[in-house]
Amino acid sequence: MEGGRRRPVHGPGRVSWLLVYPDTYEIGLPNQGLQILYEILNERADSVAERAYAPWTDLAAEMRAAGVPFFSVDDHRAARDFDLLAFNLSTELVYTNVLECLDLAGVPLRSTDRGPDDPLVVAGGHGAFNPEPMACFVDAFVIGDGEEAAGEVTEVVASWKAAGRRSRDDVLHDLALLPGVYVPSMYDVFYDGPALREVRPHHPDVPAVVDKRTIADLAAWPHPSTPLVPLIDVVHDRLNVEVFRGCTRGCRFCQAGMVTRPVRERPEEQVRTMVAGGLRRTGHDEVALTSLSTADFSGIDDVVAGIVDGSMGCGNVSVSLPSLRVDAFTVGIASDLQKGRRTGLTFAPEAGTWRMRQVINKMISEEDLYRAVDAAYSQGWRRIKLYFLTGLPTETDTDTLGVAELARDVVAVGRRHTSRATCTVSLGGFVPKAHTPFQWFGQNGVGELRRKIGLVRDALHRSGAQLRWHDPEATFAEGIVSRGDRRIGPVIEAVWRAGGRFQEWSEHFSLARWLDAMAAEGLDPDWYVTRHRADDEVLPWDHVSAGLHKDFLRQDWHDALAEHGLPDCRWTPCYDCGVCTGYALEHVVGSSVPPAGGSQGTGQDPSRGAVVPVELATVRGGAG
Amino acid sequence: MSAPAVSSASDPATVPATGEVAEVAGAGDPGDLGEGRVVRIRFAKRGRVRFISHRDVARAFERALRVAGLPVAVTRGFTPHPRIGFGLALAVGHESDAEYLDVGLDHAVEPSSVVEGLAAVLPDGLTPDAAVELAPGAPALQEAVTSVEYLMVTGVAAEVAADGVAALLAAGEVEVARSRKGRRSVEDVRPLVRHLSVVGHGEGWSELHAEVATRPRGLRPSELLEALGSVPGPAAGIEFCEGRVLRTRQWMERGGARLEPLEADPRPRAPEVRAS
């Protein structure tokens with residue numbers, strides 16, 4: 001169907017993978033991780049990969065009624081006929097969809113109930129950094145970058161097949177010996193009452209701590225080279241080219257930034273090749289240069305200029321940079337990009353006061369934000385979107401109300417240029433994540449988040465700014481899973497059995513299902529969600545390592561409480577977070593000097609809240 | 001950032017009524033194809049691709065035109081769009097051997113190479129088979145098409161189908177409840193039916209051939225089938241459920257003559273070219 005689709009070649013000599021994104025096709029198709037593995041596995045001589053996405057509830061009901069099993073979109077092949085079902089765990093609220101897919105596939109939900117004829121169920125993605133809530137359903141997790149590990153898993157499964165697919169334990173044991181692969185059934189969990197005491201492997205050769213996989217050189221993996229082009233409307237319907245992986249800005253709430261270190265840039269020339277080739281093959285008229293902070297890419301101005309001035313022969317193409325700082329430099333780039341329609345710009349200051357932004361280590365001065373906003377409105381943008389988190393550590397009502405104050409000021413800046421200036425505030429409840437300095441923090445409960453949202457809403461009354469917020473109840477459910485342990489698995493299963501699918505879709509979400517399931521399992525939701533963890537507590541993910549020393553995270557947590565920011569280590573001395581030294585890696589950065597326009601903590605004095613940039617995302621409005 | 005509680009996927013495009021003009025994202029004003037050359041292309045939509053919407057087909061063509069490197073003219077202004085005009089929307093799920101689009105070009109390109117260029121890069125199931133360069137000022141597709149033909153499979157036996165067809169053709173008036181943009185109304189659809197016959201059948205099914213007018217508005221195959229089951233006669237009250245539907249032809253009228261859209265307004269001395 002789609003452009004870029006591979007013709008799957010199955011055969012006895014090939015290990016077959018079904019790559020599943022456990023959300024709708026429209027959300028899952030653009031996922032780059034899945035597309036990268038799809039390409040790599042189909043290029044190997046010993047593997048073949050097809051794709052599947054979670055069927056919407058109406059389709060799932062029809063499939064059950066008609067006895068149609070979960071199947072691939074490529075060749076309409078039944079999921080059970082694959083050697084491996086590989087799930088992308090992008091966010092906790094899709095976990096019940098994984099169970100839905102397994103059940104529709106006719107595969108036993110629990111690993112312990114599966115036999116040699118059942119597919120192996122594997123999972124990866126950022127969710128795998130706390131694998132425990134899904135540990136009873138997933139046979140093996142791949143932690144970290146999947147490019148190399150996918151091939152190694154293929155080889156282990158190939159030998160198991162060649163030897164006649166006998167004991168399932170044999171193949172799981174062999175998988176557990178691969179670097180970066182965590183096989184939950186090889187580990188025993190011990191508790192002291194509600195507290196976790198230890199997670200310990202019961203095989204002498206299985207590692208006590210599973211280290212994440214990290215590809216040293218992004219240039220060795222120029223994927224996807226033939227991106228999938230869907231025939232129907234999907235999110236992010238454009239060419240995506242990853243310009244670097246990893247981020248060392250050090251925002252303390254951001255799991256992605258913490259678990260993907262170090263920074264590995266793609267060579268500028270390869271970015272150009274991938275952009276030009278991708279546009280030529282797909283016919284897209286928009287390209288996104290993706291990363292966690294694209295303005296930090298060493299070659300950003302040259303690459304962007306090359307695309308928009310047509311010197312790369314791409315024709316009339318628009319560029320979007322999904323994560324940018326905001327300063328004179330980046331607003332300048334943004335105006336180059338959006339020569340025509342200037343509909344909306346998104347800025348992510350994340351917190352309403354300078355104090356709060358020091359705590360979360362996203363040190364953006366108000367002066368700098370207003371300057372960026374002023375530049376944006378003066379250059380024709382009409383609508384500014386501001387992203388904030390609430391429920392952050394040490395947050396007071398002054399910090400919360402600071403969100404409204406910033407928004408009112410942004411509108412005021414805009415009204416100097418146009419009476420039509422508007423501003424949308426998007427307020428999300430903060431969920432602490434594993435492997436971040438905030439992993440010890442007790443999340444705000446539903447009532448507290450509601451109260452804070454109410455404060456901002458009242459303060460924005462008749463301000464010209466609109467407020468949107470995430471449902472605090474969904475934030476709470478996400479909190480149950482995000483730092484959950486193995487005891488949360490049965491809760492996820494109970495939510496699914498009670499009909500809880502597509503939990504990140506408001507029309508399908510209900511917190512009552514989660515609370516009922518917790519009660520049925522005898523678990524206290526507050527113990528999991530709102531409780532502050534003790535510094536020396538065993539955390540459910542301590543046997544999985546993102547390379548970060550726990551001491552580093554703990555120090556950073558205490559620095560946060562002391563309102564002390566930390567500059568980016570790309571251009572300042574190393575803090576020994578553990579990733580580079582532990583894995584004998586280095587940052588791969590094209591330029592040894594910080595990007596133009598200033599950047600967080602590079603040559604600035606963080607204590608005075610001076611010219612420090614914010615993030616910015618360009619948003620293409622209108623149809624398309 | 002925590003994950004948003006509400007994600008959004010675009011709505012599956014709603015099915016525009018046959019004979020109505022669907023708005024196509026990315027296409028400028030219908031008929032606004034610029035000062036340059038305009039090529040009219042005929043294509044089929046067959047197989048699995050029948051489940052994508054009119055708008056999705058439009059986007060697939062926009063991408064294919066870029067991949068093929070054709071010199072598509074673009075609109076002026078802040079948001080340049082390719083100058084492409086589509087004809088009558090085909091309902092999702094229906095197949096067609098006679099879909100059309102008009103493409104404005106910056107300079108003349110041999111119509112056969114437009115067909116070949118697109119055929120090489122379009123998704124499976126979207127198959128261009130012929131093209132012609134239009135005379136300057138030729139009317140836009142959706143303004144000029146006056147009737148369309150369908151082959152429709154319906155789940156009734158041949159005798160029932162024949163009874164329904166005879167009753168409908170004999171009736172002076174056939175009222176069908178229709179909804180348009182959310183408003184319900186009862187309309188006489190008899191004048192829209194120009195031809196109707198049973199052309200094939202099997203166990204419990206029949207195939208109908210119909211030609212329906214597109215003015216003052218079109219008649220959907222589903223509405224025609226509903227009319228067959230509601231017109232007084234032996235087949236009244238029987239449900240003519242819809243099976244596969246294939247649009248086979250579209251027609252324009254020029255001075256009383258019925259012409260295929262590729263024949264209606266060719267550029268003088270520019271013969272229609274068919275791909276082999």
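Predicted model: local features only at pLDDT ≥ 70, side-chain atom pairs only at ≥ 80, totals over all residues.

**Reading a two-chain model**

Colleague: What holds the strands of a sheet together in general?

Modeller: Strands of a sheet pair through backbone hydrogen bonds, and the pairing is either parallel or antiparallel. Here β3(B) also takes part in antiparallel pairing: strand β1 (residues 37-45) of chain B is joined to β3(B) by 8 bridges. One pair to locate is Val38(B), which stands opposite Gly104(B) in β3(B). Strand β2 (residues 84-86) of chain B is likewise antiparallel to β3(B), with 3 bridges, and Phe86(B) faces Leu101(B) as its opposite residue there.

Colleague: Is strand β3 (residues 95-105) of chain B largely enclosed or open?

Modeller: Of its 11 residues, 9 are buried, so this strand is largely enclosed by the rest of the structure. A residue is counted as buried when 20 or more other C-beta atoms lie within 10 Å of its own.

Colleague: How is chain B built as a whole?

Modeller: Chain B has 6 helices and 12 strands, and 43% of its 276 residues count as buried. It is divided into domain 1 (37-144) and domain 2 (156-240). The centres of domain 1 and domain 2 of chain B, taken over C-alpha atoms, are 31 Å apart.

Colleague: Let us turn to chain A. How many helices and strands are there in chain A?

Modeller: Chain A contains 20 helices and 21 strands. Its radius of gyration is 24 Å, close to the 25 Å that the globule rule gives for 624 residues, so chain A is as compact as a globular protein of that length. Its C-alpha atoms fill a box of roughly 70 × 60 × 50 Å along the principal axes. Buried residues account for 55% of the 624 residues.

Colleague: What does one look for in a nonpolar core?

Modeller: In soluble globular proteins, nonpolar side chains tend to be buried together. The largest nonpolar core in this model has 148 residues, and Leu85(A) and Val122(A) have the most contacts inside it. Its largest share, 7 residues, comes from helix α4 (residues 95-105) of chain A. A second, separate core of 73 residues includes Val234(A), Leu101(B), Val189(B) and Leu262(B).

Colleague: Which residues is Val122(A) in contact with, leaving aside its neighbours within four places in sequence?

Modeller: Its contacts include Leu84(A), Ala86(A), Val138(A), Phe141(A), Val142(A) and Val153(A).

Colleague: In what order do the 6 strands of the open sheet in chain A lie?

Modeller: The order is β2-β1-β3-β4-β5-β6, and the pairing is mixed. At the edges stand β2 (47-53) and β6 (181-182) of chain A, each with a single partner strand, so one side of each is left without a neighbour in the sheet. Strand β5 (residues 140-142) of chain A pairs with β6(A) in the antiparallel sense over 2 bridges, where Phe141(A) has Tyr182(A) as its bridge partner. Helix α5 (residues 147-162) of chain A lies across the strands β1 to β6 of chain A and runs at about 135° to β1(A).

Colleague: How does the sheet with the order β10-β13-β14 in chain A pair, parallel or mixed?

Modeller: That open sheet of 3 strands is parallel. Its edge strands, β10 (239-242) and β14 (318-320) of chain A, each pair on one side only. On average, neighbouring strands in this sheet are turned by 25° against each other, direction ignored.

Terms used:
Residues numbered from 1 in each chain as written. Chains lettered and ligands numbered in written order. Core = buried A, V, L, I, M, F, W, Y, C linked by C-beta atoms within 7 Å. Buried ≥ 20, exposed ≤ 12 C-beta atoms within 10 Å, placed from the backbone. Helix = DSSP H or I, 4+ residues; strand = E, 2+ residues; numbered from the N terminus. Contact = placed C-beta atoms within 7 Å. Pairing = 2+ DSSP bridges. Axes fitted to C-alpha atoms, helices over the stretch in contact; angles between N-to-C directions. Domains from an automatic or database assignment. Rg over C-alpha atoms; globule rule 2.2 N^0.38 Å.
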